[in-house]
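Biologist: Please take a close look at one part of this model for me, the annotated spot. Start with the whole chain, so that I know where I am.

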Number of protein chains: 4
Amino acid sequence: MSINTFGHLFRVTTWGESHGPALGATVDGCPPGVPVTPEMLQHWLDKRKPGQSKHTTQRQEADLVRILSGVYEGKTTGTPIQLMIENTDQRSKDYGDIAETFRPGHADITYHQKYGNRDPRGGGRSSARETAARVAAGGVAREAIKALVPHVEIRGYMVQMGEMHIDRSRFDWDAIDQNDFWIPDAGAVEDWDAYLGKIRKSKNSVGAVVEVVARGVPAGIGAPVYGKLDTDLAAAMMSINAVKGVEIGEGMAAAALKGTDNADEIFMGPDGPEYSSNHSGGILGGISTGQDLVVRFAVKPTSSILTPRRSIRKDGTPIEVVTKGRHDPCVGIRAVPVGEAMMACVILDHLLLHRGQVGENQGKIG
Amino acid sequence: MSINTFGHLFRVTTWGESHGPALGATVDGCPPGVPVTPEMLQHWLDKRKPGQSKHTTQRQEADLVRILSGVYEGKTTGTPIQLMIENTDQRSKDYGDIAETFRPGHADITYHQKYGNRDPRGGGRSSARETAARVAAGGVAREAIKALVPHVEIRGYMVQMGEMHIDRSRFDWDAIDQNDFWIPDAGAVEDWDAYLGKIRKSKNSVGAVVEVVARGVPAGIGAPVYGKLDTDLAAAMMSINAVKGVEIGEGMAAAALKGTDNADEIFMGPDGPEYSSNHSGGILGGISTGQDLVVRFAVKPTSSILTPRRSIRKDGTPIEVVTKGRHDPCVGIRAVPVGEAMMACVILDHLLLHRGQVGENQGKIG
Amino acid sequence: MSINTFGHLFRVTTWGESHGPALGATVDGCPPGVPVTPEMLQHWLDKRKPGQSKHTTQRQEADLVRILSGVYEGKTTGTPIQLMIENTDQRSKDYGDIAETFRPGHADITYHQKYGNRDPRGGGRSSARETAARVAAGGVAREAIKALVPHVEIRGYMVQMGEMHIDRSRFDWDAIDQNDFWIPDAGAVEDWDAYLGKIRKSKNSVGAVVEVVARGVPAGIGAPVYGKLDTDLAAAMMSINAVKGVEIGEGMAAAALKGTDNADEIFMGPDGPEYSSNHSGGILGGISTGQDLVVRFAVKPTSSILTPRRSIRKDGTPIEVVTKGRHDPCVGIRAVPVGEAMMACVILDHLLLHRGQVGENQGKIG
Amino acid sequence: MSINTFGHLFRVTTWGESHGPALGATVDGCPPGVPVTPEMLQHWLDKRKPGQSKHTTQRQEADLVRILSGVYEGKTTGTPIQLMIENTDQRSKDYGDIAETFRPGHADITYHQKYGNRDPRGGGRSSARETAARVAAGGVAREAIKALVPHVEIRGYMVQMGEMHIDRSRFDWDAIDQNDFWIPDAGAVEDWDAYLGKIRKSKNSVGAVVEVVARGVPAGIGAPVYGKLDTDLAAAMMSINAVKGVEIGEGMAAAALKGTDNADEIFMGPDGPEYSSNHSGGILGGISTGQDLVVRFAVKPTSSILTPRRSIRKDGTPIEVVTKGRHDPCVGIRAVPVGEAMMACVILDHLLLHRGQVGENQGKIG
């Protein structure tokens, strides 16, 4: 039970600092025989890559992933898969002065209090750059899921950015990949763009809510009582940098509902049980119902802003911190592929656990 | 990495079904020499016990905890502590017909789909009765925390029940233990009582939000990147029955904030760093800041209601389900001591992990 | 990764002290639908029970196992199985003076040095009595193996006791259950009996070697590099009280062999690969070959003897320790069913892991 | 609980194949502030490096280790340490024909049966080359131990090679590093050399026994019942390629001893308890006594020999296998630094666990 490792059977250990020579993921427990190539993983890394729009950090990183082990002739062998991404843009001079300073809202101060010795360059281990390794590992998970359950689809998108909310009545899956915000509403893109431009110009940043949906996940995966599917999804999403809240299905709004409103009534359909609604987000008692898995998480506004904030130095003396360089005014945008990757890892892990614990769906209905 | 076990070094495995002979918790990793008696644990179990007010289930359970191992002459020995609670009120006749039926919103259907063979009596393993074992284990954790860090205080309370919200301007710590709702506002109790009475009379139920705060937790506990303090708290709370959302500090509301609003500015105080605010909920980069740890979770409305809901039987035929017997119209109330217990377990676990990985706070400030 | 827990997916946590109210095993990860009754488990516990022959301790323990959870209507449900054995013969007066004294060869001194607070009654947690819980858990594992792979047979027997060795040329499976020593040679029983009688009369004790064989285990279970089948078997056997050495196949004798002698040549048989010999003990590269799994372990002579030994008290003053009461002159005898139980747990665990990681044998031969 | 990971708190995951681009170790849980440089690790890797004497494989590998993360300005940061060794000598043509053939005594056949898809080049994941990563990780462990407990010394040496045994009456610590066999007896080197030369010329190989001793380990580390120090040492050593037996203290010979002979009597010395002998190998009840930790393991003879052995191809047809290229006639020699590395990892892990679970030695004596 290691602190930089995630998962029960499909286990991902990420390693690396923002400005060290490289970062990556050690992926253990992937089934053998799964087709995996660097190109397959690069596809997802390119989604997360910085410097793609005016709204993301201008750091230039190719984020090229290399597979150092565990794959032979284009297929996994069942042994650990080492995924390495070399850091090419290590302009640590931009960050030099933070070695003695604690940026408000950052982990500088708590890492110092815990470890004493930290790599201050670019936030070191606490940098969101760590999530590149997750995205690469998530790419492996996606391929392995495909080999086990053919029709699972995992999609993330933004549903809120500061004051902007999506209009669910205009929800359009096809729009998501067509805009810089991953929003399912082409008509709203211009407004979101203007809003975020204003935020950036005012030297500020803003929070966001990302929703991730998985379709086609079979009923019966998950496990009581602490290895629940929702427990593991909550942990997965909360482990992403800057995330402050996680919701399954109705989420926090469930508190305002009555039992009569919240009940997903059950009917017998041609292929098994069907539900009148999906307040549960596809999970009952920690186990999947076969409906869409629906998870949302809130990302706080970027702490690195151009507006001065008061803080202290290591020696306790006061200082005003102004972040230099370019930072994402809304880190939530680049959290979309990260949320998808975590969803993929959790689903694969529970598919494997289910096989290990049960072998196959045991209880038939109808 | 077991599915009914929670924690890294302080590991709690709960076992038992709602209407089996007994349930309990196997607690491994508690430091030796901690004073623990059945009375200490009973104090917290009595808080969670059903049948204490008109708003909780009338099931009569003494919920008496026995310590079968790991404690010698009133002190822990460092070996596994077995906590057993015998089920005395096993009126399984109330539940008999559900063996063939899936109650909407319950885990009946997913347990069937995963395992095939389930104990249907009272919900079996998926019953909220399992949380009694957590509360007992949390009692052990509280004593061990006390032995390590003297002044930690862990308090839970309700902040929302359906349409009712607490008024934070009237927040009163002393009121919490004085009312059936664990709300920090004596003046609101009458309204909440009337509201819930109305819900119950209308054969309905309602959701809730519980907040748990821990004061006095030292800075520097927690760990990157998947063993974060917030990750483990999110998992702990999401693992409680009926929980659908978890928030740390600002939680989901962080999405609407700007970077300037969300920053907790840092000052040097007489005893170390101090913060202008606590939007972070006491956690930065997964590590404690020394401020109050603030966690909230939403509990969905009880699925067992007297209003008929449509569902199916095992054989796929339709049925209308009406829950017989008395059930809590708001399970959120009894989730308060459970949330506290989980908070205690996570804090102890990270205090121990911190010792194991670091030994002591390394980085001094000022 | 808990210290009183064993296994990856089939996880056994034992708890309890020699003279506490009860001891037992919390068994998590057992597949659902496996027939398990108290009688099935009692069969194995009766094999290990003390007081059955003149060569085992005269402590009278019924060692009755109760199943408190995880089994419904005679079949496992997939949820944790709690197995409890109450201690009925708690004559702690026999042991009273050892609270202040360290018996040579016992864990009294090291438990004191580690924990400070220990239960001295009957050795507390370090007593071989803990192995009763393992035997109960092993009974569950045997039934689950049967449900997954029909023809696995697990048999343990003694191959050495002090100066006595079995004669492998007279090996007789049927003899094993017919004598007090579990030896596969009816003709040798009288000699072994006389030898041990002499040891006991001379107020002494003697060591032993136990061999455990599993037949019918399919090829392909196990896993590189630290979850190897032999690694887990070595850990399982070394975790048994008083064990000082573990061997797989040729074991320590492999050191004296040449490569030409040690090679198990491979042939194609009617049902798959066959081997000319089994020097490997059924394991290559940590993965089963389909041959018999062969494990041996050495048990040191009982440290509790009637001959005085020099030691110290807690306060450092010297003392001569003479063990009162009746103790097994050869604890190796009762280690036979314990070794079998551990073998069963490891095999089940790896059968489940194999399903979780691979699903089925992937590589066909021929 | 991952299958390529070893350790509880100090967790080492090795990755990489014999002839892939690189191999390495992901090391999580190392305390911060420990001085670690590539040079420190290279020192131990050079000990294990092939091609150093006529008795080891002539494969030319620089085995240069790079530290990719977790170390900043020469000190560990507490975050994962990635150690990478690039494979420079990838002459896979020597191994090409084994893709369709199973070498007797090798894991070729079992990997095929488990995974279907394996990297056949040089044995892939099952190659002893994997142990280079362990040696690098062991170097980190040694430095961390030094930071926690100053005077621990870990030394390995051969005690047997085929028919050759060391003469313990001539034991000389200083001789160990002065000869190709790591034997503590300079006078025996010539004989061992001649013996192994003869073995090699006869196109054969031979087994060995390696002993590893740790001095200065404090009393009180280790843990009941499955996380015992001896359990973890047995697992650590058995996980090394080709190891078939593990002994602690007296080991298998304990079976022949009487209780009177095996007892290590206890005396009070000036600095705490002392023992009349060390039959226990420094461990009682799974916890260290403060005496020397003594572990031995047997390594089977190299399976790759120039003498033809009968085997089958994937398609089941018979074949005679003769290993081409140069292989170590006694792999036990190069297992010496590997055994030391595993000992270092286990000791560090238990030092950390002890802090996490207890904090400090609790029970004083005298």
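**From the whole chain to one site**

Modeller: Charges first: in chain A, the 41 positive and 44 negative ones have mean positions 7 Å apart. Lys and Arg count as positive, Asp and Glu as negative, while His and the chain ends are left out; each charge is placed at NZ of Lys, CZ of Arg, CG of Asp or CD of Glu. Bear in mind that this is a predicted model, where local features need pLDDT of at least 70 and side-chain atom pairs need pLDDT 80 or more, though totals for chains, interfaces and linings take in all residues. Residues are numbered from 1 along each chain as its sequence is written, chains are lettered from A and ligands numbered from 1 in the order written, and side-chain values use heavy atoms, without hydrogens or water.

Chain A has seven helices and 18 strands (DSSP runs numbered from the N terminus: H or I of at least four residues for helices, E of at least two for strands). Its C-alpha trace spans about 70 × 50 × 35 Å along the principal axes. Of its 366 residues, 70% are buried; that means under 20% relative accessible area, with exposed being over 50% and partly exposed in between (1.4 Å probe, protein chains only). Taking contacts between residues at least 6 apart in sequence, 69% join residues at least 24 apart, where contact means heavy atoms within 4.5 Å.

Now your spot. An unreviewed UniProt entry gives the annotation "binding site" to Arg48(A) and Lys54(A); such annotations may be inferred rather than shown by experiment, feature names are shortened, and positions follow the numbering used here. Arg48(A) belongs to helix 1, residues 38-48, and is buried, because its relative accessible area is 2%. Setting aside neighbours within four places in sequence, Arg48(A) is in contact with residues including Asp63(A), Arg129(A), Thr131(A), Arg334(A) and Pro337(A). Lys54(A) sits in the loop between helix 1 and strand 4 (65-67), and its relative accessibility of 45% makes it partly exposed.

One more residue for your tour: Ala107(A) lies in the loop between strand 7 (81-86) and helix 2 (108-115). Ala107(A) is buried, at 6% relative accessible area. Leaving out residues up to four places away in sequence, Ala107(A) touches Ser126(A), plus Leu284(B) and Gly285(B). Its C-alpha atom is 7.8 Å from that of Gly123(A), 16 residues away along the chain.
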